[in-house]
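Subject: Structure for you to look at

Hello,

Here is the structure I promised. Please open it alongside this note, as my findings follow below.

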Amino acid sequence: MSRGSPFTVRLKVPENEVVCVEDAVYGRVEIKSSTIEDQVLLKTDGFPTYHFACVVDDHCMEISHVLRGEEWLLSTAKHCLLYSSLGWKPPQFVHLPLLVSSTGEKLSKRLQGTSVLSYQERGFLAEAVAEFLCRLGWSGGGEREGRSLEELAANFSLSGISRSPATVDEGKLMSTNKRHFRRHLHDPESAAVLARKLAECVKTTLTVPHDSSSLAPEYLFQVLQLLEDRISLIPRVPIDAPYFWTPPSATKESIPSPDIAARLLEELSGRLQELTDFSQDCVAKELKGASVTLGVPHGVTMQVCRAAIVGQERSPGLAGVCSVLGKEQVLERFKLAAIAVR
């Protein structure tokens, strides 16, 4: 080679040897040197490649543990050769199991890939996402979900990491999120944060005056309590339960049993108008009372009321919804429904 010719610096891999990687999860891993290429360490422009730079960087920063995916095992063999060549003690290597989809395929940007920020945008709580990610390939946290980061950190150990691929199951994430959601609802400060988030979601999803009482923290907290077993993603609340802010569009076709709906709505309006206690129990009592008085099956009564108040086939307990909406709003919706069936 003449002076001034471009050149690279490569790792000289010994022939016919076995490179041993001591790993906290996989134990002693032996890799034949014949499978390792003479890796470029410095490129022609003198710039170091990743494999060289990461070894030097980790050594200079006194990194004690290097945790990365299982697919890096072969590259770790190159790093072990570098540490040996430089006379440095290698850190503790920890190779983590692969993340796979429900069909067993390795996750990638092209295959069900997602980002943590996308979970945040969809309304998953930070603690739930952190716990979900922590449990992927780690079994040391016990069966109970909804643990705080402090609990997870206190119980964490490398011995709990599995060698088997970890399945990214969003159903599991939803379950974990629901437990954290419930825990937040029973903590005054956390519940206030949830109510503020809900207010912002309602404003951006529905047409609701910003000074509406339905955006008051107390009202929003009641909504969240009623939906506790149904919804745990805040952005989904105004989408799945818009009736807490906007009345359904009552039409003759949307109200079942129109021949008896008018009588039912009139009877119910009179009963609820007299209530001084609009609690869930009191409202439920009057709903049953109207069915008995008119000789109408209670199921029919509930169908008519649900169409008038909610506008959907399913909802939380109707008496609970009425109690949250309040007497004035419920009577107004009964009035609109009664006009529609005439």
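**Salt bridges**

Asp240 is partly exposed, with a relative accessible area of 31%. (Buried means under 20% relative accessible area, exposed over 50%, and partly exposed in between, with a 1.4 Å probe and protein chains only.) Its salt-bridge partner is Arg236, with the closest N and O atoms 2.6 Å apart. Arg236 is also partly exposed, at 36% relative accessibility. By salt bridge I mean a side-chain nitrogen of Lys or Arg within 4 Å of a carboxyl oxygen of Asp or Glu.

Before going on, how to read the values. This is a predicted model, in which local features need pLDDT of at least 70 and side-chain atom pairs count only at pLDDT 80 or more, while totals for chains, interfaces and linings use all residues. Residues are numbered from 1 along each chain as its sequence is written, and side-chain values use heavy atoms, with hydrogens and water left out.

Side chains of opposite charge can pair when their charged atoms come close. How many salt bridges does the whole structure hold? The search finds 11.

One of them joins Glu131 to Arg135, with 2.9 Å between the closest N and O atoms. Both residues sit in helix 4 (residues 126-135), four residues apart, about one turn of the helix. (Helices are DSSP runs of H or I, at least four residues, and strands are runs of E, at least two; both are numbered from the N terminus.) Glu131 counts as buried because its relative accessibility is 0%.

Helix 10 (residues 258-273) holds another such pair, Arg271 and Glu267, again four residues apart, about one turn of the helix. Their side chains meet at 2.9 Å, N to O. Arg271 is partly exposed, with a relative accessible area of 23%. Glu267 counts as partly exposed at 23% relative accessibility.

**Helix 12 against helix 14**

The axes of helix 12 (residues 298-309) and helix 14 (residues 327-341) come within 8 Å and cross at roughly 100 degrees. Axes are lines fitted to C-alpha atoms, for helices over the stretch in contact, and angles run from 0 to 180 degrees between N-to-C directions. So helix 12 is roughly perpendicular to helix 14. (Under 35 degrees is roughly parallel, over 145 roughly antiparallel, 65 to 115 roughly perpendicular, and the rest oblique.)

Which residues make the contact? Helix 12 brings Cys305, Ala308 and Ile309, and helix 14 brings Val330, Arg333, Phe334 and Ala337. Contact means heavy atoms within 4.5 Å.

**Nonpolar cores**

A nonpolar core is a set of buried Ala, Val, Leu, Ile, Met, Phe, Trp, Tyr and Cys residues joined through side-chain atoms within 4.5 Å. The largest has 58 residues, of which Phe244, Trp245 and Phe334 touch the most other members. Helix 12 gives the most to this core, with seven residues. A separate core has 24 residues, among them Val13, Ile36, Ala77 and Trp138.

Leaving out residues up to four places away in sequence, Phe334 touches Leu265, Leu268, Ser269, Leu272, Cys305, Ala308 and Ile309.

**One more residue**

Thr76 is in helix 2 (residues 73-86). At 0% relative accessibility, Thr76 counts as buried. Thr76 touches Val21, Arg68, Phe93 and His95, again not counting residues up to four places away in sequence.

Best wishes
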